[in-house]
Amino acid sequence: MTRLFKWIVRRVGPQNLLALALLAAVMVSVVVGLGDVIRGLDTRQMLLVVVVGVLVGWGLAATPLPGWGATILGSVSGLGLLFLRVGRLGGQLLALLRASVELGWGIFRWLQGGLPVDLAPVILSAAELWGDVGTLLARVRDWALALAAGELVFDPVAVAFTWGLALWGASVWAGWIVRRRNWPLPAIVPAGALLTATLAYAGGGTSALLMFLGATLLLLALVGYDVAVRRWEAAGIDFADPGPELAVTAVLLSLVLVTVAGLSPSISMQKIAEFVRELGDGRAGTGVETLAESLGVEQRPAEPRPAGGLPRRHVIRSGPGLSQRVVMFVSTGDLPPGPPQTVRRRPPPPRYYWRGASYDIYVGYGWLTAETGSSVAYEAGEPAVTEILDAQRTVRQEVQVVGDLGNLLHAAGALVVADQDYKIAWRSPGDAFAATIEAATYRADSVVPVISEEGLRAAGTDYPDWVRERYLTLPDLIPERVLSLAHDLTATEPTPYDRARAIETHLRTISYTLDVPAPPYERDVVDYFLFDLQKGYCDYYATSMVVLARMAGLPARYVTGYASGTYDAANARYVVIEADAHAWVEVYFPGYGWVEFEPTAGLPAIVRPAESPSLEWPEPEEALEPAVTGWEELGWPRLLGRLGWSWWLALPGGLALLVLASVAWTVADGWWLRRLQPALAVTTLYGWLRRHGQRLAAPTRAGDTPYEFVASLAEHVAALARENRWGEVLVPVAQEVRWLADLYVQASYSPRALDAADHARLVQIWQRLRWRLWLARLLRDSRGH
């Protein structure tokens with residue numbers, strides 16, 4: 001590692017490395033600042049974008065490409081990176097490459113008289129990749145068209161893609177202009193404008209700006225010194241190198257200026273934002289607000305963002321835009337499918353709420369969740385909950401996700417188990433915040449309470465300690481009139497259930513509408529909704545009921561997810577669209593758990609039976625088993641359904657490009673290895689061989705000699721070969737790794753150096769061995785080792 005670092009320093013130069021580091025620090029400060037005020041922005045993802053962007057811009061500037069050529073190449077590389085990272089296309093691309101390797105090997109066997117080639121895996125993998133790319137492009141297109149029409153729409157994928165493009169362009173420009181022109185100030189202007197404008201609108205903190213300022217000052221000093229030294233040398237001026245003293249001075253001055261900037265009174269960013277919104281008699285301000293919210297910019301003080309990818313907070317804002325796009329299909333098996341003529345004779349389908357996440361901490365303008373630590377991972381079929389209350393029944397649902405749910409697992413009631421690997425973020429034992437799952441189709445068992453008004457009235461108030469401690473707390477600054485209303489509504493109600501119903505009934509008298517402005521920054525949301533706005537949508541209703549219920553001594557929480565959706569009787573499934581996104585209330589009742597309440601006037605009220613119903617419900621007869629996955633689930637009907645004529649026509653060209661890319665990679669790799677000194681080449685290849693051994697999970701030890709290592713690796717690969725019908729191609733691995741070990745030992749320990757013939761033999765061995773090792777990895781992965 002030290003040798004590699006020294007080589008990089010010699011090749012790039014210490015001043016260039018320092019300039020790159022400062023440019024990266026500038027861009028990192030921009031990402032940190034934006035991450036605090038942009039809803040759902042994945043800062044880790046954006047950090048990768050800006051660091052790679054700076055390196056790409058620097059590298060392009062070092063080539064003789066003109067500006068327009070660098071722009072095209074930089075744009076193409078940026079789009080590729082964003083498609084892979086934002087679109088999460090890495091898995092699909094890897095699947096296509098694996099299928100292509102398998103196809104290539106099948107063609108080779110077929111040419112030797114083997115079985116016919118199966119094109120289905122490659123075609124299906126390519127279709128899935130192309131379908132995902134098309135979905136990503138369609139989402140960005142729909143988001144952009146809605147934004148151009150002045151509509152408020154928030155699509156996290158489109159927002160991430162847009163911010164990624166902006167950050168990529170600013171990063172590539174910064175790296176290119178500093179390397180090509182030595183212009184540090186113009187280099188950071190786009191990034192600085194992006195950060196300053198966003199923080200000014202959102203009212204964010206100044207920490208990121210101070211970091212940005214410090215890195216910029218140091219970059220200006222470094223580039224200015226480097227330019228001056230070059231001019232002096234070109235003019236033949238004899239000078240004493242002021243490098244160390246100048247470095248100390250620059251660092252001290254930067255610290256002083258940043259400190260002064262941090263301590264000095266500053267213009268209120270909130271006032272700047274208000275000024276922007278007031279431009280143009282409110283019309284321009286409305287456009288700015290629509291643009292900002294569509295881009296995910298939250299006009300709130302940023303809260304600390306806990307680690308992890310779950311939405312740890314929920315902010316109440318202006319009315320959301322509703323879309324008719326389907327997000328998921330859910331089947332529960334409560335009613336069988338049937339022809340339309342039998343639908344009228346059936347009982348109505350059960351009403352479910354598909355829970356996504358629950359929140360426990362009210363902060364005046366929205367909701368947060370308590371610290372959950374790291375999520376607990378569960379294997380497919382492994383129950384997360386083992387104790388089920390007597391008054392709960394199990395619901396087995398099959399969920400097919402077709403929209404962007406952020407990997408949140410949605411289920412009716414409390415999740416028990418899923419047939420795919422899943423994770424749950426627990427606030428405490430028995431108190432789940434949310435569950436995540438990567439599968440797009442899964443089955444899940446959950447429990448819902450079987451309730452009646454009689455049973456809930458008799459439930460009492462024997463709450464568990466964790467419920468009492470967490471779900472009765474409220475901030476101190478809630479206005480007194482909210483407390484007074486809670487007391488007025490519930491003072492004469494005899495039971496917790498009657499108090500909850502009284503609050504629910506009162507809230508359902510308030511007008512429902514999506515046409516509401518964002519609540520004022522300085523106002524408590526519940527107070528503003530109940531006494532001033534007096535209209536709103538589900539976020540306002542649910543938040544108000546939770547606050548009023550807690551003030552009335554009822555443990556309650558705020559829950560987000562989806563309402564039932566539309567029931568498709570012919571297929572016995574619920575069709576859930578984006579417009580079904582919903583927030584509701586759950587109140588805790590001893591013996592029943594969390595019970596749903598519907599305070600939103602825009603949805604039908606929940607009707608509960610007066611007396612206790614029978615607990616004889618259709619329960620799953622068998623435990624939920626892990627789902628069967630693999631190619632055996634995929635057939636030609638599904639393949640033909642997903643492909644169009646364009647794919648059949650484009651497939652030969654795509655395969656040709658893939659073959660050409662593989663050939664080009666092999667040629668370039670061989671050329672690079674031949675340029676190395678023989679000893680360095682064999683050392684490099686032996687290191688690569690060790691890494692292949694680790695990826696294959698070969699039973700090796702750190703202290704193994706080269707011959708011990710290759711013997712263990714060869715035995716491991718031979719075992720893989722015996723387990724697979726294609727394993728005969730791996731038979732030469734034992735001899736080839738032994739040859740490579742011989743050359744490595746000769747280069748490392750023998751007085752006779754490797755000659756040109758040894759070097760050529762080394763490259764030839766590796767180019768055969770590498771493909772066999774990749775095939776071994778594919779065989780190992782396909783058998784689930």
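The model is a prediction, in which local features need pLDDT of at least 70 and side-chain atom pairs count only at pLDDT 80 or more, while totals for chains, interfaces and linings use all residues. Residues are numbered from 1 along each chain as its sequence is written, and side-chain values use heavy atoms, with hydrogens and water left out.

The secondary structure of the protein comprises 24 helices and 19 strands, where helices (H or I, at least four residues) and strands (E, at least two) are DSSP runs numbered from the N terminus. Of its 785 residues, 45% count as buried, a class defined by under 20% relative accessible area, with exposed set at over 50% and partly exposed in between (1.4 Å probe, protein chains only). The protein exposes about 39,700 Å², of which carbon and sulfur atoms supply 60%; accessible areas come from the Shrake-Rupley method with a 1.4 Å probe, and for residues only the protein chains shown count as cover. Among contacts (heavy atoms within 4.5 Å) between residues at least 6 apart in sequence, 75% join residues at least 24 apart.

A search of the whole structure finds 25 aromatic pairs, for which rings of Phe, Tyr and Trp (its six-membered ring) must have centres within 6.5 Å, planes under 30 degrees apart counting as stacked, over 60 as edge-to-face and the rest as tilted. The rings of Tyr463 and Tyr588 form an edge-to-face pair, because their centres are 6.4 Å apart and their planes stand at 70°. Tyr463 lies in the loop between α13 (453-457) and α14 (465-470) and Tyr588 in strand β18 (residues 581-589), so this pair ties together parts that are 125 residues apart in sequence. Both Tyr463 and Tyr588 are buried. The rings of Tyr567 and Tyr574 are likewise edge-to-face, because their centres lie 4.9 Å apart with the planes at 65°. Tyr574 is buried, with a relative accessible area of 2%. Elsewhere, ring pairs link Tyr359, Tyr362, Trp367, Phe433 and Tyr558 into a cluster.

Charges also sit over rings, a term that requires NZ of Lys or CZ of Arg within 6 Å of the ring centre and within 35 degrees of the ring normal. The charged end of Arg608 sits over the ring of Phe597 at 4.4 Å from its centre, and that of Arg761 sits over the ring of Trp739 at 5.2 Å from its centre.

Tyr574 is also in contact with Pro350, which, leaving aside its neighbours within four places in sequence, contacts Asp334 as well. Pro350 is placed in the loop between β2 (326-331) and β3 (354-359) and counts as partly exposed at 22% relative accessibility. The C-alpha atoms of Pro350 and Leu335, 15 residues apart along the chain, are separated by 9.1 Å.
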